[in-house]
Amino acid sequence: MWPMFKNIHSGIKGRVLGFIGNGTQFLKRIIHRLGILLPPLRISIDITDACNFRCPTCDKWKSPMSPNEISLAEWELVFKKIEKLSLLREVAVSGGEPFIHPHIFDILKLAKQAGLRVVIISNGGALSQNNFQTLEEIGVDSLMLSLNSLEATIHDESRGTPGNHVHIMNLIRTWQQQSGQMGLSLSTIVMESNCHELSALATFAHENKLNGIMYQALLPTETHYAFAGKRQAIQPLEHWYTKNPYWVKRQHTLSSEIQKVLMLQRRGVPILNPPSQLRDFIKYFNAPGQLNSKPCLGTQNRLFIDPLGDIRLCYGFPPIGNILKDNPKLLWRSPRAKGIRQKSRHCNRSCRLQNCNI
């Protein structure tokens, strides 16, 4: 969420975000066609591969974490190198699960000391209600929690963790009672088991005065992998979705729900996806190949740092260097980075609907 919208009434915020989302997508495509390379818009850091959940939509938890993940002292160097690198001065902190990192709060303090806007993406499982005050004191700007369903059985099954739904609802109530400055939003994977309640989830976020909800299309589990074991994501089987039980089969239901979500967005409900991306969800689940010609702009506007310090433009390609050894500004415009951007233009991976491409 952009900081200038923090205090805007949610009835206006949804319309503004929808307009800006589409406008930003259009502008990125123009810049892409003109061959202009700006500094990265945002920086995403994965502080650990470790995860306490067993989500069936992800492969990361299936591999052991590396003993060579960046130390706290090294993170201090990282933030000094990236403090003025991104246009929005924003860093998204995730994992694995960031809140099981032993130094999570110290890392967040370093990010804020570097003058960065900090967004945390979490499954919420290791986050206690007492932690909210600590996050407020540190100055964390926004927390995004995973919520895949308003129905406990559906959500918990999709997270591989019984009882998480109740815990997430308790965390939301705690946030409401705090009345602090930190924003709270939801992240929802669109899949067969929840495609009937997408609009209900948006309404829930609105009625509980959350900062918004962001939907993510179901992707191959290989998209989310442990960096210690692989240099890049492996290419999934061509028709991987035909064997995935979470792939949306109720096309009419999905289409109807997306239309409702778009209507809610026009009415001011803070839905964080651009309308164009929401419409593409319908095409994607009907026939994924329809979107193969859609340009991937992720390598043009976002820089990723993994738990080993490797710098990436995309998780589907090898690293372009290491933050502890190299200058990230030089890497961003290096021949290796240019080569990956050229390859990404013709990439046929289904992850082009991932939110790093918006």
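D306 is buried, with a relative accessible area of 0%; buried means under 20% relative accessible area, exposed means over 50%, and partly exposed lies in between (1.4 Å probe, protein chains only). D306 forms a salt bridge with R312, and their closest N and O atoms are 3.0 Å apart. A salt bridge here is a side-chain nitrogen of Lys or Arg within 4 Å of a carboxyl oxygen of Asp or Glu. R312 also counts as buried, at 1% relative accessibility.

A word on the source: this is a predicted model, in which local features need pLDDT of at least 70 and side-chain atom pairs count only at pLDDT 80 or more, while totals for chains, interfaces and linings use all residues. Residues are numbered from 1 along each chain as its sequence is written, and side-chain values use heavy atoms, with hydrogens and water left out.

How many salt bridges does the structure hold? The count is nine. One of them joins K62 to D59, with the closest N and O atoms 2.9 Å apart. D59 counts as buried, at 17% relative accessibility.

Another salt bridge brings together the side chains of E90 and R117 (2.9 Å, N to O). This pair links distant parts of the chain, because E90 is in strand 2 and R117 is in strand 3, 27 residues apart. Strands (E, at least two residues) and helices (H or I, at least four) are DSSP runs, numbered from the N terminus. Both E90 and R117 are buried.

Nine of them form an open sheet in the order 6-5-4-3-2-1-7-8-9, with mixed pairing. Strand 6 (212-217) and strand 9 (321-322) stand at the edges with a single partner strand each, so one side of each has no neighbour in the sheet. Two strands are said to pair if DSSP finds at least two bridges between them.

Strand 3 (residues 117-122) and strand 4 (residues 142-146) pair in the parallel sense over four bridges. Here I120 stands opposite L143 of strand 4.

Strand 1 (residues 42-46) is mostly covered: five of its five residues are buried. In a regular strand the side chains alternate between the two faces of the sheet. In strand 1, R42, S44 and D46 point one way, while I43 and I45 point the other way.

Which strands does strand 1 run parallel to? Four bridges join strand 1 to strand 7 (residues 302-305), and these two run parallel. In this pairing, I43 stands opposite L303 of strand 7. Strand 1 is also joined to strand 2 by four bridges, again in parallel, and there I45 stands opposite V93.

## Loops and a surface patch

L88 counts as partly exposed, at 30% relative accessibility. Together with I36, L38 and L87, L88 forms a nonpolar patch on the surface, with about 300 Å² of accessible area in total. Patches are made of residues with over 30% relative accessible area and no salt bridge, joining like charges within 9 Å and nonpolar side chains (Val, Leu, Ile, Met, Phe, Trp, Tyr) within 5 Å. The accessible areas come from the Shrake-Rupley method with a 1.4 Å probe, and for residues only the protein chains shown count as cover.

L127 is found in another loop, between strand 3 and helix 4 (131-138). L127 is buried, with a relative accessible area of 1%. The C-alpha atoms of L127 and I168 are separated by 9.3 Å, and these residues are 41 apart along the chain.

## Cysteines without a bond

A disulfide is a covalent bond between the sulfur atoms of two cysteines. The cut-off used here is a pair of cysteine sulfur atoms within 2.5 Å. How many disulfides does a search of the whole structure find? The search finds zero.

C51 is partly exposed, with a relative accessible area of 23%, whereas C55 counts as buried at 7% relative accessibility.
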